[in-house]
Amino acid sequence: MKKLKQSMRIAFRALTMNKLRSALTMLGIVIGVASVIATVAIGSGATQRIQDQIASIGSNIIMVTPGSTTTSGVRLGTGNAVTLSEADAKELPAQCPDVALAAPLVRGAAQVVYGNNNWATIIYGVTPDYLTIRELSVADGAEFTQQDVESANKVAVLGKTVVDNLFGGADAIGQIIRIKNVPFAVIGILTPKGQSSQGQDQDDVILLPISTAKRKVIGINAANADAVNTIMMQAKSGAQIPAAQEEAQALLRQRHHLQTVEADDFTIRNLQELFAAQEASSSIMAIMLAAVASVSLVVGGIGIMNIMLISVRERTREIGLRQAIGAKTRDILTQFLVEAVTLSIAGGFVGIVLGIAASALISRLAGWATAVGPGAVLLAVFFSALVGIGFGYYPARKAAYLDPIEALRYE
Amino acid sequence: MPPLIDVRDLKKTYQLGEVTVNALAGVTVSIERGSYVAIMGPSGSGKSTFMNLLGCLDRPTSGHYLLDSIPVEGLDRDHLAEIRNQKIGFIFQNFNLLPRMSALENVELPLLYQDHDTPDADDLAEHALMLVGLAGREHNFPAQLSGGQQQRVAIARAMINKPEIILADEPTGALDSRTSAEIMNIFERLNRTQGITMVLVTHSDEIATHADRIIGFRDGLVVSDAPVVRSRRTSEKVAVLRVPVEVPQ
């Protein structure tokens with residue numbers, strides 16, 4: 001213990017003797033650690049953002065969309081078919097034990113007018129369950145009810161962006177807006193959700209009762225009056241998602257009278273899977289970035305080795321003297337290892353500070369989310385110590401095994 | 001009591017390319033505890049090699065060396081380091097102080113490599129510096145001290161571990177005659193009052209006469225070995241004497 005303390009004192013003194021040299025040697029490690037910290041921060045920031053997005057969409061969501069259909073041998077694109085219906089949406093939670101809720105959805109775009117303002121936005125015709133599944137809530141006013149759907153009441157729930165563009169600062173609740181010349185009463189404003197993973201503004205939307213939307217705004221499909229664009233389902237739990245998917249598939253096949261040889265006329269997608277893939281690719285990216293950054297850590301380590309070799313050479317006489325007065329192999333080895341590790345850990349700490357500052361700067365300038373976790377910091381300290389020991393060992397060993405007579409005579 | 005140093009037929013050969021150099025060609029010497037020995041001889045006579053072996057800095061090619069009854073010729077690096085630390089103090093011509101350390105820290109250095117802790121290291125080192133007349137200079141760095149003062153720091157360092165023997169290689173080689181006399185005085189005091197065995201290598205007859213015994217080397221062999229004859233019996237010596245340096249083989 002006393003020896004270690006003494007070694008640290010000796011190391012500190014040796015390093016402060018050559019301040020510029022020590023600083024330049026440390027710089028390699030500083031850059032290495034800082035870039036590892038910053039890249040890991042960017043990587044985990046991206047992962048964090050994807051997780052937030054998953055949470056913003058709602059949990060345990062399964063999307064059912066009409067599949068491609070084949071008419072007279074011509075395959076039409078996904079979503080063109082009119083196979084999914086409101087009745088399907090009604091039956092799904094009733095007959096599938098793992099499905100909690102299912103909400104039909106029709107989608108359209110329209111120009112909305114209020115006073116002399118107008119705004120083009122997306123119209124969703126939905127049922128109240130849609131809000132539950134998407135975990136949407138109204139910040140102001142009220143949601144529409146099942147009664148509104150059944151009576152096809154002309155009521156609208158507006159997203160924040162729509163409100164801002166139509167009303168400016170004025171109170172929107174109770175006002176009448178016109179969508180395709182049909183007057184709607186604004187009954188609620190949604191709590192803002194921000195951007196989706198595709199960069200789409202999730203608040204630029206108007207929710208209408210599905211019945212009203214079909215009759216007054218989007219129009220009724222001529223082939224199937226009951227048709228919907230999407231059915232959004234919620235499984236009872238994350239673990240029940242696969243089961244819910246299978247049950248829904250079986251039920252829909254049965255309801256659509258599909259023979260075993262026929263393909264599904266719908267597509268069931270599970271958003272978690274989609275995002276899991278995205279998350280995986282972002283973490284692979286993060287690991288690759290960190291790997292590139294660690295290369296600079298290795299380069300920093302080589303710098304340490306270089307300087308330590310020079311230091312051993314310069315201090316050959318000192319080593320010889322220490323050996324003469326009784327320093328053992330281990331003593332000299334420890335002394336130089338401590339010196340190398342001190343260099344690398346000091347560089348590591350500066351690197352951590354710099355890395356945190358750099359990631360803060362990146363999130364400010366580039367607008368990327370970054371997150372510096374304690375894990376990344378610990379890892380950086382660990383690796384800088386490892387680099388110190390790894391690249392300090394050879395010079396230290398060289399010093400420890402010098403021949404005392406030759407070392408004492410060295411000029 | 002056995003002699004402190006008992007060397008029998010010590011040989012050291014170096015291989016320089018094709019040529020084998022017999023640096024020591026079979027030396028047998030014994031040195032009693034408390035004695036004061038000067039080693040003389042021309043360059044290449046083997047006296048430095050002999051000193052390195054005595055100091056356990058090197059291992060002989062063959063022969064036997066008992067230091068304080070310990071056969072040291074077969075010990076490994078770390079055991080030799082331990083012996084050096086506990087039993088031997090070194091004085092060099094160029095002092096070999098560490099420039100970045102104060103006088104006190106330089107003196108304490110051997111304590112650092114002991115197996116046990118020395119809580120009163122500072123006191124011991126201050127005392128050692130006082131003995132060599134450097135009280136008050138503890139916190140000076142070597143560059144702030146004169147050559148003679150630096151050598152005295154080195155002496156304090158050599159004696160801090162209470163060694164059996166101090167080996168001095170041309171200790172006054174870099175000093176003027178007045179300073180040399182001071183250093184020789186300290187050596188004599190260490191030898192007479194502390195009972196430390198002194199072995200010093202010198203080129204100077206004048207320095208050598210401070211010793212009790214002079215051993216002459218040539219061509220890797222001891223060619224003379226005789227006590228110093230003093231003009232008076234007092235310890236204050238004005239040495240005028242016949243030194244038998246040249247003895248036919």
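Predicted model: local features only at pLDDT ≥ 70, side-chain atom pairs only at ≥ 80, totals over all residues.
Student: Why is chain A said to be more spread out than a compact globule?

Tutor: The idea is to compare the radius of gyration with the value that a rule for globules gives for the number of residues. For the 411 residues of chain A the rule gives 22 Å, but the radius of gyration is 33 Å, which is well over that value, so chain A is more spread out than a compact globule. For chain B, with 249 residues, a compact globule would have a radius near 18 Å, and the 18 Å of chain B agrees with this.

Student: Which domains does chain A have, and how far apart do their centres lie?

Tutor: The domain assignment gives domain 1, made of 2-53 together with 277-409, and domain 2, made of 82-264. The C-alpha centres of these two domains of chain A lie 56 Å apart.

Student: How do I read a nonpolar core, and which residues touch the most other members of the largest one?

Tutor: A core is a set of buried nonpolar residues joined to one another through neighbouring C-beta atoms. The largest core has 123 residues, and Ile37(A), Ala156(B), Ile166(B) and Met198(B) touch the most other members. Its largest share, 14 residues, comes from helix α2 (residues 19-57) of chain A. Apart from that core lies another of 60 residues, among them Val64(A), Ala110(A), Ile218(A) and Met233(A). Returning to Ile37(A), and leaving aside residues up to four places away in sequence, we find that it touches several residues, including Gly351(A), Ile352(A), Val372(A) and Ala380(A).

Student: What can I learn from one strand, for example β11 of chain A, and is it enclosed or open?

Tutor: In a regular strand the side chains alternate between the two faces of the sheet. In β11(A), Thr230(A), Met232(A) and Gln234(A) point one way, Ile231(A), Met233(A) and Ala235(A) point the other way, and all are buried. Because six of the six residues of this strand (residues 230-235) are buried, β11 of chain A is largely enclosed by the rest of the structure.

Student: Which strands pair with β11(A), and in what sense?

Tutor: Strands of a sheet pair through backbone hydrogen bonds, either parallel or antiparallel. Strand β1 (residues 61-66) of chain A pairs with β11(A) in the antiparallel sense over four bridges, with Val64(A) having Ile231(A) as its bridge partner. Strand β4 (residues 99-114) of chain A also pairs with β11(A) in the antiparallel sense, over six bridges, and here Ala102(A) stands opposite Met233(A).

Student: Where in chain B can I see parallel pairing?

Tutor: Look at β6(B) and β7(B), which run parallel and are joined by four bridges; the bridge partner of Phe90(B) in β7(B) is Leu167(B).

Student: And what is the order of strands in the open sheet of chain B, and which strands stand at its edges?

Tutor: This sheet of four strands has the order β2-β1-β4-β5, with antiparallel pairing. At the edges stand β2 (19-31) and β5 (70-71) of chain B, each with a single partner strand, so one side of each is left without a neighbour in the sheet. Strand β1 (residues 5-16) of chain B is joined to β2(B) by 10 bridges, and one bridge pairs Gln15(B) with Thr20(B).

Student: How many residues of each chain are in contact with the other?

Tutor: In this model, 18 residues of chain A are in contact with 18 residues of chain B. On the side of chain A, the elements that give two or more residues are α1 (2-17), α10, α11 (329-365) and α13 (404-409). By class, that side has seven nonpolar, four polar and seven charged residues. In chain B, the buried residues of helix α2 (residues 77-87), including Leu80(B) and Arg84(B), pack against α10 (316-324) of chain A as well as against elements of chain B, among them β4 (62-67) and α3 (103-112).

Technical notes:
Residues numbered from 1 in each chain as written. Chains lettered and ligands numbered in written order. Domains from an automatic or database assignment. Core = buried A, V, L, I, M, F, W, Y, C linked by C-beta atoms within 7 Å. Buried ≥ 20, exposed ≤ 12 C-beta atoms within 10 Å, placed from the backbone. Contact = placed C-beta atoms within 7 Å. Pairing = 2+ DSSP bridges. Nonpolar A, V, L, I, M, F, W, Y, C, P; charged D, E, K, R; others polar. Rg over C-alpha atoms; globule rule 2.2 N^0.38 Å.
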